[in-house]
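Let's take a look at this protein together, starting with its pocket and then moving on to its sheet.

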Amino acid sequence: IHDVDLLRYITGHEVSSIFAATTATARDNEVEDTGAVTLILDHGAVGTLFFSDATPSPWSYEFTTQENKKYPPVPGKGPKDCYHFFGAQQSLGFPSLSCFHYERAHSAEVVEP
């Protein structure tokens, strides 16, 4: 739920539709351990979330923000991100706030960067 709240806060838009699928087969528990969610925001943007408590991953919020000292720093150089926002003009990684965009303007007809 916090991920959805963050998406709403960052975009300034509300969720208008949601689709989800979950499974409990990875750990054979009675509760879900893996899932995927597709969200449609009120202005038409589509967002996807996927999660699993059954896989090792350094890309969680706790690992990438390093707010909780219980989690060790993620190995490797450079910033690590747990959220990626893809827009028409540029993309943003969070929490590093790394931006990416093409150097030249492009239209919908361009098929390669």
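The largest pocket has a volume of about 1600 Å³. On a 1 Å grid over the protein atoms alone, a pocket is an open set of points where a 1.4 Å probe fits, with protein on both sides within 12 Å along at least five of seven lines, and lining residues have an atom within 4 Å of a point. Volume here is the space filled by probe spheres set on the points, which are joined across faces, edges and corners.

This is a predicted model: local features need pLDDT of at least 70, side-chain atom pairs count only at pLDDT 80 or more, and totals for chains, interfaces and linings use all residues. Residues are numbered from 1 along each chain as its sequence is written, and side-chain values use heavy atoms, leaving out hydrogens and water.

So who lines the pocket? There are 43 lining residues, and Asp3, Leu49, Phe50, Cys82 and Tyr83 lie nearest the centre. Here's the lining by class:

| Class (members) | Lining residues |
|---|---|
| nonpolar (Ala, Val, Leu, Ile, Met, Phe, Trp, Tyr, Cys, Pro) | 23 residues |
| polar (the others, Gly among them) | 14 residues |

E2 and E3 share seven bridges, and isoleucine 40 has valine 46 in E3 as its bridge partner.

Technical notes: Two strands pair if DSSP finds at least two bridges between them. Helices (H or I, at least four residues) and strands (E, at least two) are DSSP runs, numbered from the N terminus.
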